Amino acid sequence: MSKGERTKTKSQSAREKIKAQQAEQRAREKRRKTITYVTAGAVAVAAVGLGWWYAASISRSEEATGALAPVTVQADGTAVMAKAGVTAPVVDIYEDFQCPACKELERVSGQTFKNLAAEGKAKVVFHPITIFSQEPTKSNSVRAGNAARCVADGKQWLAFHDLLFANQPSETEEGFKVDQLQQWGKEAGVSSPGFDQCVASNKNAQAHLAYSKKISDEQKLDHTPTVKLNGTEIDNQVLFSPSQLRDEITGAAK
């Protein structure tokens, strides 16, 4: 091989070596990008998953943890749910049986109120009122409020309270009819012989309306549900997040 041929061969070998190195470099870069994309995707999926888990965990309704705290029906139509000797913190629930948002509060956070009272961590006071001024919602609400006042036994009162929300009528039609209220009373275990007549006569209607106006003026209520913790209204975002609601109420007890 001549000197020129040997030089040409060396040059070809050098170019092939450079090409091989460049190919290897491209392959390494491709692998690095692939790993980066996969990792980023996994992190994104994990972040979305954690966000969903957190949202679900704070909005999940509680399960019943045991027997209910004693419930005492008051002469003014309110009902107090608390273990003996528990006087604070005080949770006042102002609610209208015809109010859809009140029904939703009962569905989402009702068990949290019951559990906290049963655990001796709060005194819960229910204030059934009529907030509506238009028909048919006003009359629906008043009939339900009257019927609740016909129940003297605390345990039966709470069962009847829950049935009223569970069977809440549409805001556009007559509901909470007398025969329905009497039937739900039976389902709640109401055994008082005067219950049916009390419901039919609507005899507590004026007292219910008078209390609604009095307490609304005193507490400056302009919407239901309104829930106050030691006299201060709880924010709606907390109210409809059972875990946050529990933290806020138990925090007030410390």
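**Entry 1: the sheet**

I began with the sheet, an open one of six strands in the order β1-β2-β4-β3-β5-β6, with mixed pairing. I noted that two strands pair if DSSP finds at least two bridges between them. The edge strands are β1 (71-73) and β6 (232-233), each of which pairs on one side only. A reminder to myself: strands of a sheet pair through backbone hydrogen bonds, either parallel or antiparallel.

Before going on, I wrote down what I am looking at: this is a predicted model, where local features need pLDDT of at least 70 and side-chain atom pairs count only at pLDDT 80 or more, while totals for chains, interfaces and linings use all residues. Residues are numbered from 1 along each chain as its sequence is written, and side-chain values use heavy atoms, with hydrogens and water left out.

**Entry 2: the whole chain**

I looked up the helices and strands next: the protein chain has nine helices and six strands. Both are DSSP runs numbered from the N terminus, with helices (H or I) of at least four residues and strands (E) of at least two.

Of the 254 residues of the protein chain, 40% count as buried. Buried means under 20% relative accessible area, exposed means over 50%, and partly exposed is in between (1.4 Å probe, protein chains only).

The accessible surface of the protein chain comes to about 14200 Å², and 54% of this surface belongs to carbon and sulfur atoms. These areas come from the Shrake-Rupley method with a 1.4 Å probe; for residues, only the protein chains shown count as cover.

I also checked contacts (heavy atoms within 4.5 Å). Among those in the protein chain with a separation of 6 or more, 77% are between residues 24 or more positions apart.

**Entry 3: strand β4 and its neighbours**

Which strands pair with β4, and in what sense? Strand β3 (residues 90-95) pairs with strand β4 (residues 123-128) in the parallel sense, over six bridges. Strand β2 (residues 79-81) runs antiparallel to β4, and three bridges join the two.

I then picked out some partners. V90 has K123 as its bridge partner in β4, and Y94 stands opposite H127.

Is β4 mostly covered or mostly open? It is mostly covered, with five of its six residues buried. Helix α7 (residues 205-219) lies across β3, β4 and β5 (226-229), and runs at about 120° to β4. For that angle, axes are lines fitted to C-alpha atoms, for helices over the stretch in contact, and angles run from 0 to 180 degrees between N-to-C directions.

**Entry 4: the nonpolar cores**

Which residues have the most contacts inside the largest nonpolar core? They are V91, F113, V124 and F160, in a core of 43 residues. Helix α4 (residues 154-166) gives the largest share of this core, six residues. A second, separate core has five residues, including I129, Y211, I215 and L221. A nonpolar core is a set of buried Ala, Val, Leu, Ile, Met, Phe, Trp, Tyr and Cys residues joined through side-chain atoms within 4.5 Å.

I followed F113 first. F113 lies in helix α2 (residues 100-118) and counts as buried because its relative accessibility is 4%. Leaving aside neighbours within four places in sequence, F113 is in contact with residues including M81, V91, I93, V124 and V227. The C-alpha atoms of F113 and I93 are separated by 9.7 Å, and the two residues are 20 residues apart along the chain.

Then F160: not counting residues up to four places away in sequence, F160 touches A147, A148, V151, L181, W184, G185, A188 and F195.

**Entry 5: aromatic pairs**

How many aromatic pairs does a search of the whole structure find? It finds four. Rings of Phe, Tyr and Trp (its six-membered ring) pair if their centres lie within 6.5 Å; planes under 30 degrees apart count as stacked, over 60 as edge-to-face and the rest as tilted.

F126 and W157 form a tilted pair, 5.6 Å centre to centre with 50° between the planes. This pair links distant parts of the chain, 31 residues apart: F126 is in strand β4 and W157 in helix α4. F126 counts as buried because its relative accessibility is 3%, and W157 is buried too, with a relative accessible area of 1%.

The rings of F176 and W184 have centres 6.2 Å apart and planes at 90°, so this pair is edge-to-face. F176 counts as buried at 1% relative accessibility, and W184 counts as buried at 9%.
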